[in-house]
Amino acid sequence: MTLDDYHMFYPTHPLTQEDAILAAYRLYNSATTFVGTVKVVHNRDVNLREKPSMSAKILGTTSPGTTYPVLEVEKGWYKIQLPDGRACYISAGMVAFHQQ
């Protein structure tokens with residue numbers, strides 16, 4: 001039984017650590033679908049939140065002009081993916097959305 005025929009990832013096939021990491025990375029990227037991107041257009045830093053709510057915990061901030069892939073769209077919020085792979089929410093009023 002193969003998990004990923006294209007990338008030759010066989011659970012019983014002995015892989016080097018690098019092969020295993022690359023196979024997992026390819027598999028993850030093939031399963032992640034982005035609906036578009038957002039670019040921060042507000043003239044000051046914008047809060048990144050844990051949940052789609054103004055009262056949710058602030059996880060960090062981002063600068064004007066920064067672009068992120070969008071995972072989901074929720075009533076006035078975008079769930080975005082940060083460069084380190086974590087997901088968080090950004091208010092739709094602070095960004096411009098570009099559909100893929």
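The dialogue below goes through a predicted model of a protein.

Colleague: What are the ground rules for numbers and confidence here?

Modeller: Residues are numbered from 1 along each chain as its sequence is written, and side-chain values use heavy atoms, with hydrogens and water left out. Because the model is predicted, local features need pLDDT of at least 70 and side-chain atom pairs count only at pLDDT 80 or more, while totals for chains, interfaces and linings use all residues.

Colleague: How many helices and strands does the protein have?

Modeller: Helices (H or I, at least four residues) and strands (E, at least two) are DSSP runs, numbered from the N terminus. The protein has one helix and seven strands, in the order α-β-β-β-β-β-β-β from the N terminus.

Colleague: Which strand pairs with strand 1, and in which sense?

Modeller: Two strands pair if DSSP finds at least two bridges between them. Strand 1 (residues 36–40) is antiparallel to strand 4 (residues 67–74), with four bridges; G36 has V70 as its bridge partner in strand 4.

Colleague: How many bridges join strand 4 to strand 5?

Modeller: Four, again antiparallel, with strand 5 covering residues 77–81. E74 is opposite W77 of strand 5. Two residues lie between the strands of this hairpin, and G76 has a positive phi near 80°.

Colleague: What share of the residues is buried?

Modeller: Buried means under 20% relative accessible area, exposed over 50%, partly exposed in between (1.4 Å probe, protein chains only). Of 100 residues, 23% are buried.

Colleague: What share of the contacts joins residues at least 24 apart?

Modeller: A contact means heavy atoms within 4.5 Å. Among contacts between residues at least 6 apart in sequence, the share is 50%.
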